[in-house]
Each structure stands twice: as C-alpha cells, then as structure tokens.
Amino acid sequence: MTSLFEEVPATADADADVPVRRVTVTLNGERRAADVEPRLLLAHLLRQGFRLTGTHTGCDTTNCGACTVLVDGLPVKSCTMLAVQADGHDVTTVEGLAGPSGLHPLQEGFKDEHGLQCGFCTPGMMLAAKALLEENPDPTEDEVRFALSGNLCRCTGYQNIVKAVLWAAKRMNGSEQ
Amino acid sequence: MTTTTPMGHGRMLRKEDRRFVRGRGRYVDDLQLPGMLHLAVLRSPVAHARIVSIDTLAAEAHPKVKAVVTGAMLAERGLAWMPTLSGDRQAVLATDKVRFQGQEVAFVVAEDRYSARDALELIDVEYDLLEPVVDVRRALDPDAALIRDDVPGKTDNHCFDWETGDAAAAEAVFARAEVVVRQELVFPRVHPAPMETCGAVADYDRIEEKLTLWSTTQAPHAHRTLLSMFAGIPEHRIRVVSPDIGGGFGNKVPVYPGYVHAIVGSIMTGRPVKWTEDRTENLVASGFARDYVMQGEIAATREGRILAVRSHVLADHGAFNGTAAPRKFPGGFFGVFTGSYDIEAAYCSMTAVHTNKAPGGVAYACSFRIAEAVYLVERLVDMLAAELDRDPVSLRMQNFIRPDQFPYTSRTGWVYDSGDYPRAMELALQIAGYDELRAEQAERRARGAGEPLMGIGVSFFTEAVGAGPRKDMDMLGLGMADGCELRVHPTGSAVVRISVQTQGQGHETTFAQLIAEELGLHPDDVDVVHGDTDSTPYGLGTYGSRSTPVSGAAAVLAARRVRDKAQLIAAGMLEVAPDDLEWSTAQGGGRFDVRGVPGSGVTIQEVAMRAHGAGDLPDGVEGGLDAQISYNPDNLTYPFGAYICVVDIDPGTAVVTVRRFIAVDDCGTRINEMIVEGQIHGGLTDGIGMALMEFIGFDEHGNCLGGSLMDYLIPTALEVPDWETGTTVTPAPDHPIGAKGVGESATVGSPPAVVNAVIDALAPYGVRHADMPLTPSRVWEAMQGRAAPPF
C-alpha cells in the first residue's frame, strides 16, 4: 500500500464500526491502493488520499464537470463515483495527461489558444476533450461543443476552449506542426 | 503562430498557465496542512424562524468531533455579529433568529470532512416558525413581519433610501415631453457562481500569536483590516493569503461567516481548520447579484431626441445589507443610468428593503450596479425606438454624447473621461452586416408561419470603473487606492508586488508586461507577487474592473520612478548630464544612450548592476533600484462598447437560440489583446446566462429555488455562439498608459442586447417587454400575451 487516506483512516483505527474497503487502482499508470470507507467519493480519494489536487470539485451534482477524470478511458465525473467503484480500474487524472516529454497537445492547445482563465475547470475540460479525441480524432466545432457540454466554465465563454481542442486535434493528427 | 512579444504590450501567452494546465494550481481547498481539521456548517432549513433551542450533545459525543460551536458561544466572546462591507452587520452564527434559508446556525470541527458532515446531522435545532418576507413589493407593508429586530428601534424592513439627479428638472421635462415611455423592468436575483466555491483554511499559531488565513478572497488586504477590527487580533498578526482563485466575479469580495468560523475553530483547537463550501451553500447563502425592480421612464421629442430618464428602484438587499460598494454609494454606481446619451435631465430614487433572503447585492461583474443601470436605459431606449417606429441604432446615434463633448459631465454628476461612441457603433454594424440582417428579418417575417422568429438586439453601454478617487470613495473608511512595489535586482530582472489579486484575469502576465514595457525588459524577467498581505503593499483588491485602472497605474508609475532613477545612475556612469540621455527600447531592451549617439550608452541591466554594485553613484542617489507607489486615481475610467445580438426563436417551443453576437469594446489601451478578448468572451456568456436562464427564485416560504446547478442554469458550450469581437481604442486621459479596465464590460453590456433581440423577435406577437430570464416557458407566455415579471 503506497498511501493511506488520511481522512478515512485504515482498519488499525480505533473506530472499529466504520467499515473500510481496500481499493486498488492503476492511477496515471501506477498501481496505487488505499483503504477507504465505502461511501468515499472517487474525487476525494484522488484529492485528499492520493494528493492529486488537479481534480477539482465544483458542484456535487454532476453538473459542472470540474472533477472529470478518465476511468478506463471514459470521462467520469469523479464526484459522483464511489472510490470503491473504481477498484481494479484504470484512472487518469490531469496529472497523468502529459507524457515524460512535456505537455500533452491538449495542454499546449489550452495554453496557446488561451483556453483557460482561472484554471479551475481546465483539468476536467482537458480530460473530457481527451476522451472525445480518442473516439473522434477529427471533430467538428459542433462535435467539440457537444462533447464538452457537461463541463461548465464561467470565465472563457468556451470559444477558446473549443479552439484549443481543435488545435490539439490537428496536432495529434499530424496535420499541423 | 505562437508569438511572444519580447517586451511590453501585446498578445503574450500567460505565465500562470504553466501550472494550471498541469493541474498544479494552488487553490484553497488544495491546501493540506499537518494536523488540519475540517469544518462544516449547519444551516437554517427555513427562511424566518426564532431559534428555541439547539442541542449539540450528540454531535459533541461523536468520536471525531473536536468542537461544536453555536451562536450563543460566539456571543459570549462578542463574535456573534460581524460588520458587513456596507456598514450593516451580519450574524456569524444566528443567535436569536434565522433570517434566510441557508443562514449559518452552528458549526462543527472534526477530524475529517465526512465526520464533520455526519455530526451536523446530530445537532437538534428547534425552530419557532415566523412569517417570511419574500415578496419585495410587500416588504414595507405595515403588517409585514419585522426581520431586523436585532437593530434597536427598528420597526420595519426598510434598509435605505437614496436618490440622485434633479427631481424637479426631470419632472419639468417629463411634463412637457411629446413622448413618454414607461415600463417596469425587473433585473432578477442571479448569482456569480464561480466554478470554485468559497472556502478558507485558518491556522492560528498560539506561540507566535499569529493568524494565517488562506481564503478565497478578491480583497486580501481589506479582509485583513476588517478581521482585525472585528476579531481584535492586531493587524500585523494577521496574514491573509489569497492563493489561486477559481473565479470570483464579485462573489469573493465579502467577508463570509465561514471564514470567521474557520478562524474561531483554529483558535479553539490550536490546529489548522479548513472550511469549504459546497455548491448549494454557495448558491443559497453567499453574495447574490442584482434583484432590482425598476420603474423606468424615458421622455423624448417626436423626432427622437431623448430628453430625460427617470426611475424608481425597489432594491432587495436580503436579510443583511451585505453590499460591497463605496460608502457614499449605497446604490453602487447605478447613477450612471443616463447611459451613453446626452440628455437634459435625470432623476432616480431608490428604496432598499430587507427580505428573508441571503445577503449580498453587488456581485457578478456588475461594476457596482452598472449592469442594472445599463439594462434600464438600454431597454428604455429600445422601447422608445419601438414607440417611435425608429430603428434602434439610428435612435442611439442621434442621442449619443458626441466625441467633442468629452470630458462630459452627466446629469447625475459623473465625469465621462473620453469616448467615441459613433465609431464603436459603426464598427459593430459593419461586423454584423446590420442592413443585411434587417433585410433577412423582413424576408423571414414576410414568409410567415413556420419560420424561426428572428430578432436583432442592440445595446450600447458606458461603464464607470476603477474605483476610486479618495475624495469620493472608501469602504469602511479605507480609501480605494492600490499599491505597487517594484524591485529591480542587480542582474536586471525584477519583482513587482501588487495589492490586487487575480481570479483568472492573468495579472501574473499583464503586470509583468506593464513593467517590461516601461523598463525595456522581457516579461519573463519580471515576477509578479500578489495575494499575500505579508508580501504585498496595501490596496483594496480586485473587483469593479479596478485592477488595471488603479493597480495597473500604480505599477506603471512605479516603473517610471525606477526609470527616472536609472537615468540619474546612467548619467553618472556615462559622465553626462541626465538630460543628455535618451531612453529607447528599439534594440530589444531598455537602454540610455547619449542623445544622437545610438549605442553609446548603457543597458537597464548595466544600470541595475551599478545601482547595487561597487563604484560611486551620483550625489544624492541611494543604492538599489526600487520604487513604491500608492496610487489614488483622479477619476474613474469609462470604457464603452456596442453590442449586437441575433437570436432565432422556435415558434413551436419558444426556445431562444443565440445565432450571433457581435461585441465592439473600447477599453482604451489594451495591455494584452488576448486576455482582454478572453474576458469579453466570458462576460458575454454571463450576459446570455442572465438573459436566458440564470435565476435565483424563491417560493412563498422563502425556499431558494436555485440552490444547485441543476436548478440554477448557467450556459454550456452549446448555448453560446462563436463571439465576433471588434476593437476601438480611445485612451483614458487620466491613466498613465490610457487603459480603462474591461473585466466587467461584457457582463454589463450584453444582457440588454439579448433581451432587446428577443423582444425584437417577438414584435409580430405584439410583445412590448418581457423580463429575464427569458426561458422557453416565459417566452411562450409572452407570445400568448401573458408576459409577467419573474416574481
């Protein structure tokens, strides 16, 4: 076990009537495990348990998408998924987006096209976009807007986010260097 | 395609994005301190009730709970009430009554977030229900329940009265006017709802007797002063840190009870305490915006000459007056409601009342109520155009303040600094292809049934931002100045410390650009420090589009002071008189050369080394290359813009689709075009949100009906078009680089454009006006001739 979840201590805790479950995930390519209460949300396991604070929580009702991560490659709002449901699955957060060589094209696109201001929605936006581009490497503007419609942004008015995703798509397709 | 300017103004990618795109932002809730505890707040489920009893025994017995605190406990320490930024007071925890749904009643500090929430369930509060005051129009009825019985001698729900302009002059004009149009205009309660909710981590060090508060604040210095005055902790023993903030929009200007809870929790337990609000708490209990019922009147000649504007405003301030506006301006800057027009007379009276709703009032990028003012005048002008059967553009053109009239003193006493309104309007018309749009509309209307209902809406706004001149403006006695401290290091790089704070506006980039432009440095060689009261000079913070007009001016003047000193040192190095030197940045960096002899001189970096190094300095020149400024603006700045919105309404479902939106903004000199455009995009989205979907409503019991993002709808990528922007530049005469501020322009200017477009689309149905939010059901009702106010 590489990390305990501090807020929900492991079985050694005196609080014996709180049940805990071992959760093992492949997180950004690395095997990680924690003992958690069954009610613990995946977003909270990532943020407080594994200290990956790039996954943000903005609404608690699955509307805003700031907490979007990829579970087995599919975008999931991690504030509405229990940590135990992720057991045995592959989880990608913003911290796992870039390879060792620097930035993912989406990260470069968001920088270059000014696709972010306060940065709070950005990780969720990029992960939702990553899932889109894996399924549809050459999306239209409308397809990008539809794919991101579960992710809210209060700063950018979306236009530059859409441009950032299209920028990344081109880069990933090799049609523009 | 990626171009970075070597120095100075212009498009430059943002420095802060390096961390944000990697998920390495440092928001308050990301903070994890050793031994940190978690705080949760018990809130009132009802709008108005007397608290009979609070039983906390079961909560205290929870094994992970460290403290349970009620209003009675705070009252013993004199902390149950705190001052608001507008001189009222607000309950930190309710002692006697709850006055709005969501009001703070008790808090729990526990080992973890989940246990704190669990313990809230164990607190038993007995309420004696009182009649809630929900309908703002009936708040002053003699039989209305008294909300503020905490104020000695108070017998009604009156909050304040305010007036501006000349009532008699306006009455004289209205009495003789050929045409008068009257309309009640409701700007409903909305909420800024930044993606990051409010929160804090308080860490009181009992050894050092020093409080560190990391909080989601747009105004860390003002909060420090307020907390010191209220809590009795000496101001030098409070450090307020505003780290990365996930959007503010005015929501993070007030001091919220939750910040105080965290402080009290930390003092009690001796451990760091974190409070993070959830979205429902944010929407139901933190600073709302708008909530004005405006009786508007406009008087004109039959030829379309606007003579006067008059209004009476009924303002709902909720249970406590939590407005954050300069002290002499209880109605904010609503006084600019005469808009962009040269008229003969104006008058406004305002009555503000308390209701059993959350406190707040000035938020959501309104520039201190200018959003409401612009909406009022721009709807009235459009209704006048309809009444006179005039094109709304030509009517505006006819009445604009002319470029040669600036500086222009309005009928309510505002001194508009500079403007060229016809030029901005013309550019918007050109981008839109206005004549073609009108032709298309006529064609569609002629075709009739089955066609989407096409509407074209125009608005023109003038803002007053950059609060504000010391002689007129203060908050709780604090002048609205801003500081800047600039240090140039021996090797020629620099650090600039500013009193304002970014919530996404890109200060780490634009302030570096400001300094770089003045000193001939690369912006990458200028570090911007902000958001920490221990390491930045005093100032009132970021809201009201004031960062560039006030703190930006401070930064430029500090840099110029440094450059003046550098010139003295350079003169000494070159053994010439300072006046024999000329400054240039033409060769890729700042340098002083002997006049007429390029290349003869020294670079700014060489001067910096001399300033800190060995060797003599000219007589009377101290070592180092630093400057500090506190900038007090002489006047506000007056950005303006022309907006055109094109909508299509499905006649079968009444769904409004925004097809196009053209925005021409003039904010004077632009520091970073990319960042300015981005802020405009965001503001336009706010405008579509307010006009079409956002609404904090209440049922008759005072239950908030907009308490989650399932009910409080904000635009997604699907509801907004590709923005079409245009620029004119009319420099601000009183600002050192002519910049005016832009952060709120689009939020202020766009709602009337959208509403005007919808009403234009509905003209064939004989619709004269319909209030926001123009949801499908409300548009449908308007089409059936049953338009009604939202409350």
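The questions and answers that follow concern a predicted model and take up its salt bridges, its cavities and one annotated span.

Q: What makes A:E37 and A:R39 a salt bridge?
A: The closest N and O atoms of A:E37 and A:R39 are 2.7 Å apart. A salt bridge needs a side-chain nitrogen of Lys or Arg within 4 Å of a carboxyl oxygen of Asp or Glu, so the pair qualifies. A search of the whole structure finds 69 salt bridges over all chains.

Q: Why is A:E37 called buried?
A: Its relative accessibility is 8%. Buried means under 20%, so A:E37 counts as buried.

Q: How do you know that the pair B:D29 and A:R47 joins two chains?
A: B:D29 forms a salt bridge with A:R47, with the closest N and O atoms 2.9 Å apart. B:D29 lies in the loop between α1 (17–20) and β1 (37–43) of chain B, while A:R47 lies in helix α1 (residues 42–49) of chain A, so the pair joins two chains. Both B:D29 and A:R47 are buried.

Q: What makes B:R137 and B:E184 a link between distant parts of the chain?
A: B:R137 forms a salt bridge with B:E184, and the closest N and O atoms are 2.8 Å apart. B:R137 sits in the loop between β8 (124–129) and β9 (158–165) of chain B, and B:E184 in strand β10 (residues 179–190) of chain B; the two are 47 residues apart.

Q: Why are B:R137 and B:E184 called partly exposed?
A: The relative accessible area is 30% for B:R137 and 22% for B:E184.

Q: Which residues are linked in a network of salt bridges?
A: They are B:R50, B:D88, B:R89, B:D96, B:K97, B:R99, B:R148, B:D149 and B:D150.

Q: How many cavities of 30 Å³ or more does the structure hold, and what lines the largest cavity?
A: The structure holds 10 such cavities. About 580 Å³ of space lies in the largest cavity, which is lined by 40 residues. B:Q505, B:Q679, B:V742, B:G743 and B:E744 lie nearest its centre. α13 (507–519), α14 (547–574) and α16 (673–692) of chain B each supply at least two lining residues, and α16(B) gives the most, with 6 residues. By class, the lining has 11 nonpolar, 23 polar and 6 charged residues.

Q: How do you know that the second largest cavity lies between two domains?
A: About 100 Å³ of space lies in the second largest cavity. Of the 14 residues that line it, B:Q90, B:P254, B:V255, B:Y256 and B:G322 are the closest to its centre. Domain 2 (31–130 + 196–246 + 252–285) and domain 3 (288–467 + 635–783) of chain B both give residues to the lining, so this cavity lies between them. Its lining has 9 nonpolar, 5 polar and no charged residues.

Q: Which annotation does UniProt list for residues 22–131 of chain B?
A: An unreviewed UniProt entry lists "domain: Aldehyde oxidase/xanthine dehydrogenase a/b hammerhead" for residues 22–131 of chain B. The span is 17% helix and 37% strand, and its end C-alpha atoms lie 51 Å apart.

How values were computed: Residues are numbered from 1 along each chain as its sequence is written. Chains are lettered from A and ligands numbered from 1 in the order in which they are written. This is a predicted model: local features need pLDDT of at least 70, side-chain atom pairs count only at pLDDT 80 or more; totals for chains, interfaces and linings use all residues. Side-chain values use heavy atoms; hydrogens and water are left out. On a 1 Å grid over the protein atoms alone, a cavity is a set of points where a 1.4 Å probe fits but cannot get out, and a pocket is an open set with protein on both sides within 12 Å along at least five of seven lines; lining residues have an atom within 4 Å of a point. Grid points are joined across faces, edges and corners, and a volume is the space filled by probe spheres set on the points. Helices (H or I, at least four residues) and strands (E, at least two) are DSSP runs, numbered from the N terminus. Ala, Val, Leu, Ile, Met, Phe, Trp, Tyr, Cys and Pro count as nonpolar, Asp, Glu, Lys and Arg as charged, and the others, Gly among them, as polar. Domain bounds come from an automatic or database domain assignment. Buried means under 20% relative accessible area, exposed over 50%, partly exposed in between (1.4 Å probe, protein chains only). UniProt positions are given in the numbering used here, feature names are shortened, and annotations may be inferred rather than shown by experiment.
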